[in-house]
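Here is a short briefing on one protein chain. Keep the sequence and the 3D view open as you read.

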Amino acid sequence: MVLDKLGGSLQNVLRKIAGAGRIDERTVSELVKDIQRALLQADVNVKLVMKLSKRIKERSLKEKPPAGINPREHVVRIVYQELINIIGRSSDIKLDKQTIMMVGLQGGGKTTTTVKLARYFQRKGLKPAVICVDTFRPGAYEQLKTLCERIHVAFYGEAGNSNAVEILKRGLPQIEKYDVKIIDTAGRHALESELIQEMEDIYEIVKPDHKFLVLDAAMGQQASEQAKAFNNSIGITGIIISKLDGTAKGGGALSAVSETDSSIAFIGAGETPEDLEKFEPDRFISRLLGMGDIKTLIEKAEESIDEEEFNIENMMQGKFTLKDMYKQLKAINKLGPLKNVMQMLPMGKLGLKVTDDMYKVTTDRLDKYKVVMDSMNNRELEDPRIINSSRMFRIAHGSGNDIDVVRELIKYHRTMQKAMKGLRGGNFNVQKMMKKLGM
Ligand SMILES: Nc1nc2c(ncn2[C@@H]2O[C@H](COP(=O)(O)OP(=O)(O)OP(=O)(O)O)[C@@H](O)[C@H]2O)c(=O)[nH]1
Ligand SMILES: [Mg+2]
């Protein structure tokens, strides 16, 4: 997931607190040092880190735990709250008719993010349309057109026309009936006068509800300078941090923008149209701390999967048949890369290792499994434990597959079943604890 490394070290810190004998000055000092190390490694600004450490230290030693909460849980809660504080608020995005203008420097991820946003609103049941007014970079038109076609989003652009204003004057009436209109603009390598002028011209015609600035996570703390500069010249209503998957230093950009007037609206962590999520500081921090954002998962599931197909409760039950497994794999595949979905679950905290094998369930694999399962009878599907070697041979033969594929499917099912059980039980039950803390 986003910021794996930072998450990992913060989770270790929390585990340490959970296992601490008592909370005294020494434990707190140690804890604060560990947190500092983790945040600095992720490129969070030193001043912010110092401010945060001071707050955590003071509060942990001074504040009395509320009734029903032990001192260790109290400290965990303080860490959680203070981390949310440094990351700032989130932008308000309505699920309603709106026009969005995308701005940013060259190569920051505007076009990719335009498509991700279109997909985001599409998933929410709104009708998006995209206009390309990048007349600067050759190939911009084709890039956006192809991406939009891939996700079946309406697109308007004029190949070869270098006049952005003209394109908009013709394009806007054409997409009048769409709910969310997204305008992808050209980038330049610096915020120079030409770019500012063009952005202003486009602004005058479009009069967008939102001006989103797309910032590459790899720029780290410089993000704050960029955000300030764009905000001063044309004003922005939200920031989208892109490419969070590509850097271990994403903490820099994320925390830097909280120092500006604007706030983070979305974060992008991947190249596919699905790899965008609305930025919610509390949710983000819970996930970073390994508190498994089941809510995100459920919400996402509800958007694209009907209930019969995907039942999170069942998934956690641990007892499921091959048929269930197949249904769930299919559902998970619809939600996006398996790895992303798995990582929304509290795997880390429950000490469950998700092996690489579990990530590798590609559509191809699923199709193969489907064929294998078609050669099984109902009893075998209901209770795969009865599949001995002669049955395995029959199934392999009947489905035209190697016996290894059958073996692999059964093994996969077993691993999955164990994983689900692990999720439900778990040793250090963070979910329960967070509930108790009212988080
Ligand atoms: N890994 C990863 N790559 C990304 C992400 N967002 C964008 N990219 C890649 O970054 C490169 C540039 O992205 P674009 O969307 O074309 O950037 P742009 O801001 O539109 O660029 P210009 O139009 O030239 O200004 C592309 O190769 C994208 O695939 C992301 O979240 N993760
Ligand atoms: Mg572009």
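Which residue forms a salt bridge with glutamate 274? The partner is arginine 123, and the closest N and O atoms are 3.0 Å apart. Keep in mind that this is a predicted model.

**Salt bridges**
- The count comes to 23 salt bridges.
- Glutamate 274 sits in the loop between strand 7 (264-268) and strand 8 (276-278), while arginine 123 is in helix 5 (residues 110-123). The two are 151 residues apart, so this pair links distant parts of the chain. Arginine 123 counts as buried, because its relative accessibility is 14% and the cut-off is under 20%.
- Glutamate 198 pairs with arginine 188, with 3.4 Å between the closest N and O atoms. Glutamate 198 belongs to helix 8 (residues 193-206). Arginine 188 is buried at 3% relative accessible area, and glutamate 198 is buried at 15%.
- Glutamate 380 and arginine 394 meet at 2.9 Å, N to O. Glutamate 380 is in helix 18 (residues 378-382) and arginine 394 in helix 19 (residues 389-399), so the bridge ties together parts 14 residues apart in sequence. Glutamate 380 is buried at 0%, whereas arginine 394 is partly exposed at 36%.

**Surface patch**
- Leu40, Val46 and Met50 form a nonpolar surface patch, with about 250 Å² of accessible area together.
- Leucine 40 lies in helix 2 (residues 25-41) and is partly exposed at 35%.

**Confidence**
- The chain's mean pLDDT is 81, and 79% of its residues reach 70 or more.
- Over residues 292-302, pLDDT stays under 50. Residues 304-310 are also below 50.
- Where pLDDT is low, the predicted coordinates should not be read in detail.

Note on methods. Residues are numbered from 1 along each chain as its sequence is written. Chains are lettered from A and ligands numbered from 1 in the order in which they are written. This is a predicted model: local features need pLDDT of at least 70, side-chain atom pairs count only at pLDDT 80 or more; totals for chains, interfaces and linings use all residues. Side-chain values use heavy atoms; hydrogens and water are left out. Patches are made of residues with over 30% relative accessible area and no salt bridge: like charges are joined within 9 Å, nonpolar side chains (Val, Leu, Ile, Met, Phe, Trp, Tyr) within 5 Å. Accessible areas come from the Shrake-Rupley method with a 1.4 Å probe; for residues, only the protein chains shown count as cover. A salt bridge is a side-chain nitrogen of Lys or Arg within 4 Å of a carboxyl oxygen of Asp or Glu. Helices (H or I, at least four residues) and strands (E, at least two) are DSSP runs, numbered from the N terminus. Buried means under 20% relative accessible area, exposed over 50%, partly exposed in between (1.4 Å probe, protein chains only). pLDDT is the predictor's confidence in each residue, from 0 to 100. Contact means heavy atoms within 4.5 Å.
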